[in-house]
Structure formats: C-alpha cells, structure tokens
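Here are my notes on the model, point by point. Please read them with the coordinates open.

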Amino acid sequence: MIITKTPFRMSFFGGGTDFPDFYNKHGGSVISTTFDKYCYVNVRHLPRFFDYETQLVYSKMEYVQDVNKIEHPAIREAMKYLDMHELRISYDADLPARSGLGTSSSFAVGLLNAFYALKGKYADKVKLANDAIYLERVLCNESGGVQDQIAASFGGMNRIDFYEGGYRVSPIIISPERKQMLNDKLLLFFTGFSRFSADIQTVTEGVLKDKEKQLLEMLDLVDEAQKIMVSKCSIDEFGKLLDYTWRLKRGLTERISTNTIDCLYEKAKSAGALGGKLLGAGGGGFLVFYVEEEKKAAVKQALSDLLYVPFSFENEGSQIVHYTPETYEPKQA
C-alpha cells in the first residue's frame, strides 16, 4: 500500500503566462506557493476475491473490469501510461475540487507518485511535474497552463520561469520573519464551487493573442513582486500589487469573474483589504486577500457569509507518507 500527500497551491502573480502558446513566444513567469492543505491518494493492488479488477473511490465509486472503461480521465490515462492493473485507489482532500487551487494537478502528481512507488520506482520532482503535465495536457487533452503540476510537485514558495522547451524553478529567497509576516496578512475565503477549470482555460487560451498587452504587463509584475518580497520595503506593497494584477487578470475574459465575486471583492476592499485575487482559472472557488492586522476583523465581518480557511505556507511538495511494498504477479493471459 502507498499513500501520498500532495499540497494545493495559490498563485499570486503571472497567471496566464504559463500557457505554452504565450511563453513559447514571450517567455513566462509566475510566483506561487503551496500551503498546508493537501490531497491524499491511497493505492494498493486489489485482492483477487471480487468480480471486478479495479475499484476507485473519489467523489463517486467505480468498479471496472477493463481499464479502458474507467470514467475518471486522469486515473484511466495514468493507469494506461504506466501499465497499472488490478488496483484499489481512493482519494481524499482537505479542500474541495473545482476550487481554484490546482486540485486536479495535485491529484495527478500524487497519483503518479503513488503509481511509481507501487512499481518500486523513484520519481523525482522534475519527473513528477513533467509526467503530470503530459498526463493532463496531452493524454487527457485538457486546456490550461503548466504551473500547477510544477508547484504541487516541488512545493514551497517559488518563482517558476517558462521558456520554449522547458522551465526553471527558483525558490523565493525571503527571511523566515518576512515570510511569516506575509502569511499572517493573507486571508483565504471560499466563495463556492467554480466552473470546470478546463472549460474556462479553453476560453482564456483562445483570447491570448488578443490580450498579449495585458499578459506582458502581468509578466512584468512578477519581477516587481519578487523585488518587494526580497527587499526591505513595506510588505504592504505586495497587497497593493496583488490588487493591480487581479484587475488585469479579470479583464482577460468575462468568464474569469462574476458579478457576485466582484461584489465580494469590493466588500473586502471597503473593509480595509489592500488587495486580493480570485485563485485559479476563475468563475468561483477561493478568494485570497492581503489585509493589515488591524483590519482583519472588519474584513472577516464583511465576508461573514463565506467560509474562512486559515492556512500556513508549506515547503515539501508531494510526499510518500506510507510505503508498504507489495509483491504483484500479473494475471496470465
């Protein structure tokens, strides 16, 4: 039996520049962090006592004889990709799917991590990230960028730079005290379930050529944000810049935000938040706000209809938290 634990991520700056059509031409960069909310994937070989060969437990349950009949696309394609058979797979998570935190990519990374371990093979962070990108973007043919898989695999607070043919992950060098200060001033709220990320990403991908000016400005903001984080200037400038990049992002397509989300955002700003953004592709999910200590109570009161979710940054990325190797002999044809 293998159990993996993979963090979710929040992306602060540069979202949209991680689409291949954009970064292959202009380069791309994002600043993101993982935090202490996780998805857990439990994988073992299914004992041969049942009239089915594979059992899946996620938001629904599947019992199948043939891998090709699996409805969950990521599980189906991952099992075919790594030639996995006769499995029992269960999924659990601290936060819901379709919430803008890269949940599908965290699941993909955690699933692949578990599969490699079950086969007795070690997969490093680069391999996990690359295979998860291949699984979601090629095998499952889902639209979107490539930052989520990298963030979930590597963990920590990073700047990820994209270029034609690859990417580079660079940890943000920030003192523990300043990093904790930033963590303490970020408030996370759940607005409700978003639309499927891939649907929104398809629309976003379609407007990239028409929105190059906005995306190039969002790309420039990554440098500015990193300077704020690593310098001795007031960390409050991070919050103000977050507000600016959100207003740029919501202008990419009308599907990124909604009237309800805009209203919630303005409520938080009126109560004292310096800035914030909707996390993920858009349409719903989580809002994060930068709020000074003396304004926190007012912002929480203004958004009292939403679920507030405390969190802390994490640094580990996807981990194997339980490893019990199994002897497995494939059925004879």
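1. The second largest pocket holds about 280 Å³ of space. A pocket here is an open set of points on a 1 Å grid over the protein atoms alone, where a 1.4 Å probe fits, with protein on both sides within 12 Å along at least five of seven lines. Its volume is the space filled by probe spheres set on the points, which are joined across faces, edges and corners. This is a predicted model: local features need pLDDT of at least 70, side-chain atom pairs count only at pLDDT 80 or more, and totals for chains, interfaces and linings use all residues. Residues are numbered from 1 along each chain as its sequence is written, and side-chain values use heavy atoms, with hydrogens and water left out.

2. Helix 4 supplies the largest share, 4 residues. Helices (H or I, at least four residues) and strands (E, at least two) are DSSP runs, numbered from the N terminus.

3. By class, the lining of the second largest pocket has 8 nonpolar, 5 polar and 3 charged residues. Ala, Val, Leu, Ile, Met, Phe, Trp, Tyr, Cys and Pro count as nonpolar; Asp, Glu, Lys and Arg count as charged; the others, Gly among them, are polar.

4. Four strands form an open sheet in the order 9-10-8-11, with antiparallel pairing. Strand 9 (275-278) and strand 11 (307-308) are at the edges; each has a single partner strand, so one side of each lacks a neighbour in the sheet. Two strands pair if DSSP finds at least two bridges between them.

5. Strand 8 (residues 186-192) and strand 10 (residues 285-290) run antiparallel, joined by 6 bridges. L186 faces Y290 of strand 10 across this pairing, and F190 stands opposite F286. Strand 9 also pairs with strand 10 in the antiparallel sense, over 4 bridges. There, L278 has L287 as its bridge partner.

6. Is strand 10 enclosed or open? 6 of its 6 residues are buried, so strand 10 is largely enclosed by the rest of the structure. Buried means under 20% relative accessible area, exposed over 50%, and partly exposed in between (1.4 Å probe, protein chains only).

7. L242 lies in helix 9. At 0% relative accessibility, L242 is buried. Leaving aside neighbours within four places in sequence, L242 is in contact (heavy atoms within 4.5 Å) with F12, F13, G276 and K277. L242 and H45 are 197 residues apart in sequence and 46 Å apart in space, C-alpha to C-alpha.

8. Two backbone angles deserve a look. Most residues other than glycine have a negative phi. E86 has a positive phi near 55°. E86 sits in the loop between helix 2 (73-81) and strand 5 (87-93), and counts as buried at 4% relative accessibility.

9. N141 also has a positive phi, near 55°. N141 is in the loop between helix 4 and helix 5 (147-154). N141 is exposed, with a relative accessible area of 65%.

Conventions: On a 1 Å grid over the protein atoms alone, a cavity is a set of points where a 1.4 Å probe fits but cannot get out, and a pocket is an open set with protein on both sides within 12 Å along at least five of seven lines; lining residues have an atom within 4 Å of a point.
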